[in-house]
Amino acid sequence: MALRRKEPPHENHERWLVSYADFITLLFAFFVVMFASSQTDKSRARQISEAVEKALEQGKSVGVPPAVAKILGGTIDDRGQGNAQMRGPGGAQRAEKKSPEEVLELTPSLQRLTSSLTDEITKGQIEVSLEPRGLVVSLKETAFFPPGSDSIDPSSYSILDKVAVALKEVNNPLRVEGHTDSVPIHNARFHSNWELSAARAIAMMELLASRYEINHQRMAIVGYADTAPETANDTPEGRARNRRVDIVILNKYVLGSPEAKKKKPLYR
């Protein structure tokens, strides 16, 4: 009697499906967890946003001082200077949270200048504004410099006399900033707007030191050319606003911050 040969067991070629199914299950669980986490973050962000809006609305109802609201970001409907790009040169800067005492450090100087320069402000010869970085006195080119020149017009000394009084009443550091419009300049004296803006800042600094005896050690000068305009350069009026020299009475609290210490003037 012949013995039957035992056949080998059938090999299962589909065992990989078990591992694949486990992998898909774990991947699905991972994405479910990630989705749940993102929904939680959105909920928390919404709660924080609602709390901030409520706080700002309450501040509006109790009458936050305008100068404080302007610097710290205003109200819900008033973006203010603290919510967007901080005004002034140097690119985008994040406004620091400050107490009213720090923000209003230069308010007396602001009030004094606004009162003494009422006519000049009305005529558009000068602008005075309080910003997070300090008190900015903006001298428009048409009232202080001939076109394309860094020679200060002597007829503007009566205006500078009033500005110098306010500068000498505080001991804050000063920064003199030169600005131009975007129209290129090339004459016998200046080959670029960079040279013109820096030369005007230097001329103003030298006048403040020689005529009004303001210590050189308090002052730094910066030339920005057309890189920090107040408004667009696409109209004659806009270009006129951008041609200016800004005298900045620096806020001591901003100046003492770690962020401010990292920023150096272009020229000094």
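Guide: Start with the term itself. A nonpolar core is a set of buried Ala, Val, Leu, Ile, Met, Phe, Trp, Tyr and Cys residues joined through side-chain atoms within 4.5 Å. Keep in mind that this model is predicted.

Now to the core. The largest one holds 37 residues. Within it, M204 and L208 touch the most other members. Helix α8, residues 193-210, gives this core its largest share, 7 residues.

Take M204 by itself. Leave out residues up to four places away in sequence. M204 then touches L139, F145, I152, L160, V176, V245 and I247.

Step back to the whole chain. It has 11 helices and 5 strands. Of its 268 residues, 37% are buried. Now take the contacts between residues at least 6 apart in sequence. Among these, 68% join residues at least 24 apart.

The protein chain exposes about 16800 Å². Carbon and sulfur atoms supply 56% of that area. One nonpolar surface patch covers about 940 Å². W16, L17, Y20, F23, I24, L27, F30, F31 and M34 make this patch.

Pick I24 from that group. I24 sits in helix α1, which spans residues 16-62. Is I24 buried, exposed or partly exposed? It counts as partly exposed, because its relative accessible area is 36%, and that class lies between under 20% for buried and over 50% for exposed.

Notes: Residues are numbered from 1 along each chain as its sequence is written. This is a predicted model: local features need pLDDT of at least 70, side-chain atom pairs count only at pLDDT 80 or more; totals for chains, interfaces and linings use all residues. Side-chain values use heavy atoms; hydrogens and water are left out. Buried means under 20% relative accessible area, exposed over 50%, partly exposed in between (1.4 Å probe, protein chains only). Helices (H or I, at least four residues) and strands (E, at least two) are DSSP runs, numbered from the N terminus. Contact means heavy atoms within 4.5 Å. Patches are made of residues with over 30% relative accessible area and no salt bridge: like charges are joined within 9 Å, nonpolar side chains (Val, Leu, Ile, Met, Phe, Trp, Tyr) within 5 Å. Accessible areas come from the Shrake-Rupley method with a 1.4 Å probe; for residues, only the protein chains shown count as cover. A salt bridge is a side-chain nitrogen of Lys or Arg within 4 Å of a carboxyl oxygen of Asp or Glu.
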